[in-house]
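User: I have a structure open and would like to go through it with you. Can we take it piece by piece?

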Amino acid sequence: MSLASSRNGYAMHTNQTVTAPHVATGSAHGQAHDPAAHAPAPSLWPILLAAALGILVTGLYQIATDISWGKLLTVVGFLGTVVTALGWASTIIVERRQMDPLQTGVDLRKGFLYFLISEGAIFGTFFAHVYYLRAFAPHWPPVGAPHLATTLPAIGTLLLVGSSFTFNWGHHSFLHGKKGAAKNWLLLTAAMGITFLGIQGFEWGTLQNFDKFTLKQGVFGSGYYIMTGFHGLHVMIGLLMIAVVYFRMERGEFNDKYHFSLTAAEYYWHFVDIVWVALFFTIYLF
Amino acid sequence: MSTQEAVLTAPHAQPKAYTGLMDWLTTTDHKKIGLMYLIFAFFNAWVGGILAGLIRWHLWDPAHSPFNGAQYNQIMTMHGTTMIFLAAMPAFAGFGNFLVPLMIGARDMAFPKLNAFAFWIMFPPMLMLHLSFFAHSGAAAGGWWSYPPLSSSQFSAGAGENLWIIAVILLGISSILGAVNFLVTIADMRAPGMTWMKMPMFVWAWEVTAWLLLIAVPVLSGCMVMLLSDRLFGTGFFRPALGGDPLLYQHLFWFFGHPEVYILVLPGFGIISHVLPSFASKKVFGYKGMVYATCCIGLLGFFVWAHHMFTSGISPAAREFFSVASMAIAVPTGVKIYSWLASVWGGTIRFTTAMKFGLGFIALFILGGLTGVMLAVVPFDVTVHDTYFVVAHFHFVLFGGSIMAMMAGLYFWFPKMTGRHLSEKMGNLHFWLFFIGFLWVFTPMHWLGMEGMARRVATYRPEFAFWNKFISLGFLIMLTGAILFLINVVKSCISGERAVGDDPWQINELQQGLEWMTSCPPPAYNFDEIPVVE
């Protein structure tokens with residue numbers, strides 16, 4: 001190993017450079033090498049987002065327990081979360097535009113996949129819950145639980161699975177330089193996702209109003225609503241990502257090696273899709 | 001990853017610099033965030049320690065106690081919660097943040113802003129937990145495991161339990177984001193030439209820990225969502241009347257809870273693998289074996305959870321499986337312990353404070369490990385389940401293991417973090433007060449438990465009074481040690497002996513750690529040039 005050494009405290013940046021043997025020097029653009037340029041930029045967004053989320057969660061909790069100023073806190077917290085998240089995102093976009101993403105050495109896709117693993121573990125918990133109860137229950141679905149119609153959810157499943165393909169074709173078109181086609185595929189994907197959500201909403205409404213089937217009536221209802229609800233929330237987040245990607249594509253912010261948001265949104269959409277297939281088989285079919 | 005990729009250039013990205021307090025609030029420097037994690041953990045360790053003191057005060061006399069049963073339950077619950085979620089986990093996250101980028105020769109973590117966020121998002125839950133003592137009907141009282149029906153709205157009606165659940169979910173977000181960051185950092189930001197099998201042991205320990213966090217913590221979050229929804233929205237996940245099953249909660253909780261034990265101890269293993277060889281003037285023994293053992297412990301950790309549930313009513317086959325699997329973990333752990341001993345064996349030992357804590361770790365952790373194997377034996381576990389024997393066991397693992405390792409790491413890397421040494425004189429006293437105080441407090445709990453003193457209960461049979469008084473006195477020894485440590489840290493930060501050179505312990509000729517190849521403390525960008533490992 002070789003060493004590179006400097007004598008600076010936390011807050012100081014100097015241009016002093018000690019070059020040691022075997023140390024890779026490199027500045028891809030050939031500028032004068034300034035190590036201080038490598039220090040990450042400070043940012044107010046993380047602490048602001050943490051504060052906003054804290055307020056939002058406190059507000060939501062107070063609404064759930066009927067404390068009067070919960071709504072105010074929720075609104076403040078929600079707006080704060082949206083503003084800080086957008087601010088953070090735009091900062092990153094600006095920062096990353098100034099550097100070649102292939103040079104950071106960090107594979108953003110990897111980070112996103114790790115995150116999806118943890119998401120999968122949360123869904124896994126809900127699946128474990130259903131399968132565990134089924135294994136020990138005398139009847140499944142339990143006596144009194146309504147028979148879930150499968151036709152509409154099956155159509156929803158086809159739509160969602162299909163939308164994974166349309167998203168993929170959109171990505172493909174983009175990589176082949178057909179931006180117009182890519183945007184159309186994205187629109188179609190979003191439309192299919194929205195239709196899926198509509199079907200789910202219709203089903204929730206029917207079950208609540210006609211079958212009087214709520215999440216309080218037993219463990220089947222609890223599991224049904226939490227799983228479809230949590231999944232639906234993910235579809236909404238996925239749609240939000242598609243919207244962001246669509247507008248950024250329209251503004252020409254992506255190029256053939258710099259389009260991580262597009263890739264991330266696609267991964268997320270596939271993930272939501274796979275979870276739904278498992279959910280469809282678990283809750284509706286068997 | 002090629003050299004060119006590692007050396008990134010961002011000539012236009014230099015934003016405005018903040019100073020003073022704003023500098024710390026906006027920093028994305030992994031070293032500053034690491035230090036803040038450590039301060040956060042230190043503060044909360046004091047809160048948890050004071051709660052431990054209240055427990056010992058309460059148990060001084062079985063008949064005349066300062067608190068009632070409900071208050072005792074809150075104190076006990078919050079002691080465990082604070083120590084695990086707000087002290088131990090952030091402390092190791094602090095070590096990881098400070099050390100991992102330095103050890104792999106990187107400028108920072110892969111996602112510096114996300115890193116800052118993972119730190120700051122711990123504040124809302126911390127406030128919720130500490131302030132919940134003042135909520136209507138007090139803090140959560142269902143234990144850190146929060147089993148239903150004890151934690152159901154029927155038996156824990158107050159807001160404290162809700163706040164506890166929400167806090168745990170938020171802390172989970174911090175852990176998960178931290179884990180993602182560590183995994184990408186270690187995968188993508190290693191200096192050129194640093195292959196996986198050249199990574200320092202502490203980095204390996206964090207790699208495995210991050211995987212455990214990534215997979216185990218979301219299960220806790222999901223479980224907590226269900227528990228909260230049972231309490232607030234009337235669902236029936238864990239309520240038998242609606243077809244739910246409280247036993248399922250235990251399965252899900254311990255599926256998180258047992259890997260959590262390794263989350264709390266593997267980074268400590270990593271620290272010990274640096275401290276012991278450094279002060280024995282040897283290279284770490286059996287590096288490959290150590291790496292495989294660490295991975296093996298992490299993997300096996302997912303298949304032993306039900307050994308916490310031997311008395312909960314699981315099938316005999318399940319008991320057998322989990323008993324054998326739990327005992328199997330003794331094998332890779334044994335590999336580690338023998339490798340540590342071999343790392344010291346025959347070396348020229350320097351008894352610095354860090355080394356003493358390192359050796360103390362081995363002594364105490366072996367004892368905790370042995371009682372762990374005993375508890376994996378079903379008939380024995382059934383006998384001592386929910387007694388002080390178990391309390392003694394996990395304190396030997398988590399204090400004798402985790403905290404001794406943290407102390408070793410702190411005395412070892414303090415010059416790197418601050419540019420000044422901790423006082424060795426005070427450190428020596430601190431070590432002996434902690435070591436003797438710890439044995440004093442927790443050794444008698446073994447036989448108190450075997451004789452049947454139940455844990456989680458606010459009082460005990462009068463014949464246990466002598467040993468409980470004895471234990472409570474021992475708490476004062478540990479408290480003295482903790483006060484001494486606090487004074488040591490504050491004093492050394494201001495006027496401690498300055499660290500000389502990049503390598504103040506004079507160990508790096510042999511150890512070749514990259515963190516000792518830059519100044520004390522390192523500059524914001526860590527290395528003038530990204531080092532190349534050969």
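User: Where is B:Gln506 placed in chain B?
Analyst: B:Gln506 sits in the loop between helix H18 (465-495) and helix H19 (508-511) of chain B. Helices (H or I, at least four residues) and strands (E, at least two) are DSSP runs, numbered from the N terminus. Before going on: this is a predicted model, in which local features need pLDDT of at least 70 and side-chain atom pairs count only at pLDDT 80 or more, while totals for chains, interfaces and linings use all residues. Residues are numbered from 1 along each chain as its sequence is written, chains are lettered from A and ligands numbered from 1 in the order in which they are written, and side-chain values use heavy atoms, with hydrogens and water left out.

User: Is B:Gln506 buried or exposed?
Analyst: B:Gln506 is exposed, at 63% relative accessibility. Buried means under 20% relative accessible area, exposed over 50%, and partly exposed in between (1.4 Å probe, protein chains only).

User: What is phi for B:Gln506?
Analyst: Phi of B:Gln506 is near 55°, which is a positive value in a residue other than glycine. B:Ser281 also has a positive phi, near 55°. B:Ser281 lies in the loop between H10 and helix H11 (287-300) of chain B, and it is partly exposed at 38% relative accessibility.

User: You mentioned H10. Which helix holds B:His274?
Analyst: B:His274 is in helix H10, residues 266-280 of chain B. With 14% relative accessibility, B:His274 counts as buried.

User: What is B:His274 in contact with?
Analyst: Contact means heavy atoms within 4.5 Å. Leaving aside neighbours within four places in sequence, B:His274 is in contact with B:Met103, B:Pro200, B:Met201, B:Phe202, B:Phe412, B:Trp413 and B:Glu515.

User: And how many residues apart are B:His274 and B:Thr352?
Analyst: They are 78 residues apart in sequence, and their C-alpha atoms are 14 Å apart in space.

User: New topic. How many helices and strands does chain B have?
Analyst: Chain B has 19 helices and 0 strands. Its radius of gyration is 23 Å, close to the 24 Å that the globule rule gives for 534 residues, so chain B is as compact as a globular protein of that length. That radius is taken over C-alpha atoms, and the globule rule is 2.2 Å times the number of residues to the power 0.38. Along the principal axes, the C-alpha atoms of chain B fill a box of roughly 65 × 50 × 45 Å.

User: How many of the residues in chain B are buried, as a percentage?
Analyst: Buried residues make up 66% of the 534 in chain B. B:Ser323 is one to look at: it is found in helix H12 (residues 316-328) and is buried, with a relative accessible area of 7%. Apart from neighbours within four places in sequence, B:Ser323 is in contact with B:Phe310, B:Ala376, B:Val377 and B:Val378.

User: What about B:Gly369, which helix is that in?
Analyst: B:Gly369 lies in helix H14, residues 353-376 of chain B. B:Gly369 is partly exposed, with a relative accessible area of 29%. The C-alpha atoms of B:Gly369 and B:Ala330 are separated by 7.6 Å, although these residues are 39 apart along the chain.

User: How many disulfides are there over all chains?
Analyst: The count is 0, where a disulfide is a pair of cysteine sulfur atoms within 2.5 Å. B:Cys493 is in no disulfide; the nearest cysteine sulfur is that of B:Cys520, 14 Å away. B:Cys493 is partly exposed, with a relative accessible area of 41%.

User: Over to chain A. How many helices and strands are there?
Analyst: Chain A has 7 helices and 0 strands. Buried residues make up 47% of its 286 residues.

User: Which peptide bond in chain A is cis, with omega near -5°?
Analyst: That is the bond from A:Trp140 to A:Pro141. A:Pro141 lies in the loop between helix H3 (108-136) and helix H4 (151-175) of chain A. In chain B, a cis peptide bond joins B:Pro148 and B:Pro149, with omega about 5°. B:Pro149 is in the loop between helix H6 (123-131) and helix H7 (159-188) of chain B.
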